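Please look over the sequence and the model shown below before reading on. The paragraphs after it are meant to be read with both in view.

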Amino acid sequence: MVQIFYQNKPLSCAPEESVLDCLERHNLAPRSSCRSGICQSCTMAAPNASLPAKAQQGLKDAWKQQGIFLACVCRPTEDLTIFDLDDATTTTPGTITQIEPVTDDIARVWIQAPGLAAHAGQYVQVIHPDGETVRPYSLANGGRDGLWELHVRRLPQGRMSAWLTNQKAKGQTVLLRGPAGDCFYDNSNQQRPLLLVGTSTGLAPLWGIVHDALAQGHHGPILLVHGALETRGLYLGKALASLAVSHENVRVVRCVLRGPTPEGVQESDVRAIVEQQFSATSQAKAFLCGSPDIVKRLRKQLFLAGMNLSDIAADPFIVAPQ
Amino acid sequence: MSNASVYEQIGGSAAVNAAVDIFYRKVLRDDHISDFFDTVDMDAQHAKQKAFITMALGGPQNYTGLDMRAAHAPLVQRGLTDSHFDAVLKHLGDTLLELGVDQEIVGAIATKLEGLRGHVLGR
């Protein structure tokens with residue numbers, strides 16, 4: 001049986017067991033969130049070890065070389081010595097400067113973090129002052145003057161989201177780790193059609209990407225689709241409408257699965273809107289963010305319709321188990 | 001013309017990426033076999049198919065018959081049969097023809113892949 005050495009203790013790891021499951025079974029759990037290799041909350045380090053490729057999926061090359069890996073998807077096949085990551089060397093501090101509620105349970109949150117270098121649309125791990133709670137959030141802007149914007153939906157029993165959306169968090173310091181993710185604008189082809197589809201706070205990265213694309217002079221057509229179950233999941237409607245008015249290459253569709261529908265909102269499913277209003281060619285680029293189920297189905301739909309898989313950036317928002 | 005040169009002839013790794021997109025689309029659209037390919041992790045599936053097509057074209061890879069047997073054993077459990085194997089061969093052949101590979105070479109590739117049938121189907 002494979003042994004994991006952690007804090008000078010040997011721990012036996014069952015066949016097919018992940019490092020995260022093994023540590024939890026020994027009551028030594030590191031921080032974690034999505035448990036599926038996406039959010040990067042459970043990163044640990046195993047310097048000089050030979051790690052399964054899956055254990056380092058999506059990490060930047062510099063991290064891979066340092067032996068940083070994702071505990072939740074690392075199923076070791078040989079003995080492994082592992083360490084916690086030192087927050088001091090892998091994170092940037094940020095101060096929460098403003099919390100603006102935009103619906104009953106969604107707020108725009110601004111964090112002053114001049115040390116963060118990222119593209120609008122990528123995501124960071126936000127580390128709570130308790131040092132234990134870590135959750136990924138997408139960046140809704142490009143950090144102008146070191147001020148970064150997040151869109152936070154308060155979840156039932158959400159340890160991070162309830163705290164971040166409460167005015168008491170203003171002035172507090174969090175740590176940010178990252179960035180990660182490939183949902184961001186790349187100006188190599190400014191003519192190509194862009195499709196941006198988000199559900200609920202999946203709008204956050206899209207809000208960042210569409211502004212970045214326009215600021216960089218993208219002149220191909222842009223279709224932004226914002227969907228939700230009900231209207232309470234939609235926000236920034238006026239701002240989106242004026243974006244479409246001031247840029248003739250931008251179209252915005254807002255839709256909900258269940259009515260009632262206020263003016264400017266359709267009762268439809270985002271996949272149907274995309275099917276009807278977007279021509280999925282091999283020239284196009286798509287960004288899909290939000291509900292994992294919708295992101296997955298839409299990715300397949302666009303691929304089957306003719307887009308290259310590598311041109312479909314997907315950012316499924318996976319809610320951490322409570 | 002050898003298979004190794006087919007891999008180079010169509011443009012190596014980059015061209016195989018294009019072939020994978022075409023091939024993957026064909027199998028996902030084919031109700032007879034799509035269930036075997038439909039997965040949450042499209043990127044991992046894409047990588048597997050790239051390895052498969054690279055092998056089929058004689059490019060650099062290190063598959064063995066035993067790997068093929070082990071990799072497909074769970075699918076055999078789920079009912080993988082000759083008709084599914086045939087469908088995959090057909091979609092691969094059509095993909096290569098679409099990319100302009102000669103009929104004769106496509107035939108040679110199919111003959112080579114025939115040799116894997118027993119491994120893939122666990123016989």
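This is a predicted model: local features need pLDDT of at least 70, side-chain atom pairs count only at pLDDT 80 or more; totals for chains, interfaces and linings use all residues.

Residues are numbered from 1 along each chain as its sequence is written, chains are lettered from A and ligands numbered from 1 in the order in which they are written, and side-chain values use heavy atoms, with hydrogens and water left out.

Chain A contains 8 helices and 17 strands, where helices (H or I, at least four residues) and strands (E, at least two) are DSSP runs numbered from the N terminus. Its C-alpha trace spans about 60 × 45 × 35 Å along the principal axes. A compact globule of 322 residues would have a radius of gyration near 20 Å, and the 20 Å of chain A agrees with this; that radius is taken over C-alpha atoms, and the globule rule is 2.2 Å times the number of residues to the power 0.38. Of the 322 residues in chain A, 53% are buried, a term that means under 20% relative accessible area, as against over 50% for exposed and partly exposed in between (1.4 Å probe, protein chains only).

Chain B, by contrast in its make-up, has 8 helices and 0 strands. Its C-alpha atoms fill a box of roughly 35 × 30 × 25 Å along the principal axes, and its radius of gyration of 14 Å agrees with the value near 14 Å for a compact globule of 123 residues. In chain B, 46% of the 123 residues count as buried.

The largest nonpolar core has 59 residues, and those with the most contacts inside it are A:Leu195, A:Phe278, A:Leu302, B:Ile53, B:Leu57 and B:Leu113. Such a core is a set of buried Ala, Val, Leu, Ile, Met, Phe, Trp, Tyr and Cys residues joined through side-chain atoms within 4.5 Å. Helix H2 (residues 12-29) of chain B gives the most to this core, with 8 residues. Apart from it lies another core, of 27 residues, which includes A:Leu70, A:Val73, A:Leu80 and A:Leu85. Leaving aside neighbours within four places in sequence, A:Leu195 is in contact with several residues, among them A:Leu223, A:Val225, A:Val274 and A:Phe278, contact meaning heavy atoms within 4.5 Å.

A:Val274 belongs to helix H7 (residues 270-277) of chain A, whose buried residues are A:Val270, A:Ile273 and A:Val274. Seen down the axis of H7(A), these residues fall within an arc of 95°, so they line one face of the helix; the arc is that of the directions from the helix axis to the C-beta atoms. On the other side of H7(A), A:Glu275 and A:Gln276 are exposed. The cover over the buried residues of H7(A) includes strand E12 (194-199) and helix H8 (292-304) of chain A.

Finally, A:His151 sits in strand E10 (residues 147-153) of chain A and is buried, with a relative accessible area of 4%. Its side chain makes polar contacts with the side chain of A:Glu149 (2.7 Å) and with the side chain of A:Tyr235 (2.8 Å). A polar contact is a pair of N or O atoms within 3.5 Å; within protein, one must be able to donate a hydrogen and the other to accept it, and residues adjacent in sequence count only if both atoms are side-chain atoms.
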